[in-house]
Amino acid sequence: MRIISGIQPTNVPTLGNYIGAMKNFVKIQNEFEDVDLLVFVADLHSITVERDRAELKKNIKTLAALYLAIGLDPAKCHLFIQSEVPEHTELSYVLECNAYIGEMERMIQFKEKSAKEGASVRTGLLTYPILMAADILLYDADKVPVGEDQKQHLEITKVIAERFNNKYGDTFTIPEPYILKSGARIMSLQDPLKKMSKSDPNQKGYITLLDNIDEAKNKIRRAVTDSIGVVKYDQENQPAVTNLINIYSNLTGESIESIEKKYEGLGYKEFKEDLANIVGDELTKIQTKYNEIIKSDILNKVLDEGRDYAHYLAVKKIRKVHKRVGLGRE
Ligand code: TYM
């Protein structure tokens, strides 16, 4: 079974990215049998909006190092940088010729992000899901571990793959999203109705994996709650506390019921203090490893191997696609 996923190197990944996606990569690596796992830095995706060049470079390296720091093991998976495998953009173009503008305009993320960009919406923002489809279809991935917000992009990937297969003959594996129920949508610490996002202008709303530990703990202590005062999982009436319970449960592996029971009769203060320590400990673990990795020369070796492996698979696929479509001489 082949599994692939990627993360954009915009800012440092948040606790949302970690719980919704990255932790699952490690779980898949360690618990799935016979899995060929590829994880990449989706740098091409991140230039659909204006980026500072130096910052982008730094974020690419940081994300790659974080993949190792959270426990991805280069002996068990392949890590690479998207732009270093040119077949992603090559396939993306062919897929663009099999996808409709109307389909792209209907994407929720396009609508949201383009509204923010005003008059200067780039074409890349519109075609973004097609590049994402190429990332997945290029490798015949069976499963794609992502958070809830990528579900629609996975659906359009399937539509494009099926359309292509029907038109040109069986070419692509139809991928399935792999979205775990719990943790697939971690919300802002300041607004429980808004997704935790690394591009949120309000920095109190998110925690990144490289946040200063004390600051991260304070963000949990100051997270909004409600006036009900009971630690209860209730999406409808207590969305903020529910989000914190979700984070707690995902980081400790403790069940929701057991957490509710533990804090029965206690206020939010104890609960938040414990959660602050849980988050602090998790970040400390990650950051300790991260600091070792960033000082060593392992990263380049890992990324070279990943690039070569991905490229080997991608070349075979793109040749097949060209042939099916009727491009070139052969
Ligand atoms: P990106 O970089 O926005 O997010 C990376 C992953 O984190 C998940 N995620 C969350 N999960 C839970 N709670 C949150 N608040 C939260 N915020 C983000 C996302 O669902 C995602 O899984 N388009 C993708 C990157 C990409 C990709 C791909 C993924 C490009 N090509 C191919 C899979 C396969 C993106 O922008 O993710």
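Visitor: Which residues does tyrosine 263 touch, not counting residues up to four places away in sequence?

Guide: Keep in mind that this model is predicted. Tyrosine 263 touches Val231, Tyr248, Glu270, Phe271 and Asp274.

Visitor: Where is tyrosine 263 found?

Guide: Look in the loop between α10 (256–262) and α11 (268–295).

Visitor: Is tyrosine 263 buried or exposed?

Guide: Buried means under 20% relative accessible area. Tyrosine 263 has 3% relative accessibility, so it counts as buried.

Visitor: What joins the side chains of tyrosine 263 and tyrosine 248?

Guide: A polar contact of 2.8 Å joins them. Now turn to lysine 232. It sits 31 residues from tyrosine 263 along the chain, yet their C-alpha atoms are separated by 8.9 Å.

Visitor: Which residues is serine 46 in contact with, leaving aside neighbours within four places in sequence?

Guide: The list is Gln8, Pro9, Thr10, Arg51 and Leu56. A polar atom of the serine 46 side chain lies 2.8 Å from the backbone oxygen of aspartate 43.

Visitor: Now the whole chain. Which domains does the domain assignment give?

Guide: Domain 1 covers 2–184 + 297–325, and domain 2 covers 203–292. Their C-alpha centres lie 29 Å apart. The contact takes 18 residues from domain 1 and 14 residues from domain 2.

Visitor: What is the area buried between domain 1 and domain 2?

Guide: The size of an interface is often given as the accessible area lost when the parts come together. Here the buried area is about 1,400 Å², and carbon and sulfur atoms give 68% of it. On the domain 1 side, Leu15, Tyr18 and Ala69 supply 35% of the area buried against domain 2, more than any other three residues.

Visitor: How many salt bridges and how many residue pairs in polar contact does the rule find across the interface?

Guide: It finds zero salt bridges. It does find seven residue pairs in polar contact.

Visitor: Which elements give two or more residues to the side of domain 1 that touches domain 2?

Guide: They are α1 (15–31) and α2. Sort the residues of that side by kind: 11 are nonpolar, six polar and one charged.

Methods:
Residues numbered from 1 in each chain as written. Predicted model: local features only at pLDDT ≥ 70, side-chain atom pairs only at ≥ 80, totals over all residues. Heavy atoms only, no water. Polar contact = N/O pair within 3.5 Å; in protein donor to acceptor, adjacent residues only side chain to side chain. Contact = heavy atoms within 4.5 Å. Domains from an automatic or database assignment. Buried area = accessible area lost by both parts, 1.4 Å probe. Salt bridge = Lys/Arg side-chain N within 4 Å of Asp/Glu carboxyl O. Helix = DSSP H or I, 4+ residues; strand = E, 2+ residues; numbered from the N terminus. Nonpolar A, V, L, I, M, F, W, Y, C, P; charged D, E, K, R; others polar. Buried < 20%, exposed > 50% of the residue type's maximum accessible area, 1.4 Å probe, protein only.
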